[in-house]
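Q: I am new to reading protein structures. Could you pick one part of this one and take me through it slowly?

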Amino acid sequence: MNVVDLNSDLGESFGPWVMGRDEDVLTFVSSANVACGFHGGDPAVMRRTVRMAAERGVAVGAHPSYPDKVGFGRREMNCTPDEIYADVLYQIGALRAFCGACGVPLQHVKPHGAMYNTAGRDEAKAAAIAQAVRDAGGGLILLGLAGSALERAAQTAGVRFAAEAFADRGYMDDGSLVPRSRPGAFVTDPDAAAERVIRMVKEGVVQSVNGRSVPLAPQSICLHGDNSAAVELARTLRKKIEASGIRIAPLAELIR
C-alpha cells in the first residue's frame with residue numbers, strides 16, 4: 001500500500017493577528033510545521049499550536065525562517081551560512097521546549113518561505129540548515145523539496161531527509177515551484193489538487209504549468225494553512241487520498 005504524510009504550515013498567528021484556521025486544519029493532517037517566531041508565531045501561539053497537535057495525535061515539526069516578520073519570511077535576505085545555522089538551531093530549540101512541555105517529541109524540521117527556496121539551490125546555505133538539524137540532536141527529519149540542494153546537504157550531514165511536494169502549488173518544467181507572482185502558481189480547486197497528489201504518490205509524476213510530466217516522488221504533501229480555502233482543501237485531500245487506497249501517516253512512520 002502507498003503511504004504518504006500530509007503536512008501543513010501552522011502556528012503563524014502573532015498576538016491578536018490571526019493567520020489561518022489551525023484548529024480545523026489539524027483535524028486532517030498527520031504532521032504540523034509550527035512557526036518558531038521569526039516569520040510568524042509567538043511563544044503563546046507556539047505553545048497553543050503544539051498542544052492542539054498533541055491532542056489530535058498530529059506529529060510536530062519546527063518551521064524556522066529568516067528573521068522577517070514584516071515580510072512573513074518570504075523575502076530573500078542576505079544572511080550568511082553561519083547566521084542561518086544559528087537562527088535555525090535557535091528556533092528548533094525554542095519549539096522543542098514547548099514539545100517537551102506538552103509531552104510530545106519533535107519529529108522534523110522544515111524551513112519556511114525564502115529560506116526554503118534558497119536552500120533548494122544554494123549548497124552552502126543548505127549545508128548550514130542540515131548541520132543545524134544534525135547538531136540539534138534527536139534524529140530529526142529534514143523536510144524539503146525533492147532533488148534539491150537541501151536533500152544533498154542532508155545526505156552529506158547524515159540527516160534523514162523527507163521529500164516534499166505541494167498540493168496547492170504549480171510546478172515548473174524543472175520541478176521547481178512556479179513563483180507566486182506568475183500565473184499558475186496556485187492550484188485552487190480542491191478536487192484538482194487531490195487528483196494531482198494521488199498521481200504524485202502512485203505514479204511519481206506531476207504535470208507542470210506547461211503541461212509536461214515531471215518526475216516527482218514525494219513522501220510528504222504540504223497544503224498551506226494561511227488561506228481561506230485551507231480547510232476545504234485539507235478535507236478533500238484527506239478524503240480522496242484515502243479513498244484511492246493511499247494511507248496517511250506521519251513522517252516518523254515513513255522515514256527510518
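A: Let's start with how parts get their names: helices (H or I, at least four residues) and strands (E, at least two) are DSSP runs, numbered from the N terminus. This is a predicted model, where local features need pLDDT of at least 70 and side-chain atom pairs count only at pLDDT 80 or more, while totals for chains, interfaces and linings use all residues. Residues are numbered from 1 along each chain as its sequence is written, and side-chain values use heavy atoms, leaving out hydrogens and water.

Our part is helix 8, which covers residues 230-243 and has 14 residues. From its first C-alpha to its last, helix 8 reaches 20 Å, close to the 20 Å expected at 1.5 Å a residue (the expected span is 1.5 Å times one less than the number of residues).

Now look at the side chains. Ala230, Val231, Leu233, Ala234, Thr236, Leu237 and Ile241 of helix 8 are buried (buried means under 20% relative accessible area, exposed over 50%, partly exposed in between, with a 1.4 Å probe and protein chains only). The cover over these buried residues includes strand 1 (3-10), helix 1 (22-25), helix 7, strand 9 (220-224) and strand 10 (247-248). Just after helix 8, glycine 245 takes a positive phi of about 95 degrees.

One of those covering elements, helix 7, deserves a visit too. Helix 7 (residues 190-203) contains arginine 196. Arginine 196 is buried yet has no salt bridge (a side-chain nitrogen of Lys or Arg within 4 Å of a carboxyl oxygen of Asp or Glu). The nearest side chain of opposite charge, aspartate 168, is 8.6 Å away from arginine 196 (Lys and Arg count as positive, Asp and Glu as negative; His and the chain ends are not counted). Beyond neighbours within four places in sequence, the contacts of arginine 196 (heavy atoms within 4.5 Å) include Ala167, Tyr171 and Val206.

Glutamate 203 is exposed, with a relative accessible area of 54%, while arginine 199 is partly exposed at 28%.

Finally, step back to the whole chain. There are 9 helices and 10 strands in the chain, and buried residues make up 54% of its 256 residues. The C-alpha trace spans about 40 × 40 × 35 Å along its principal axes.
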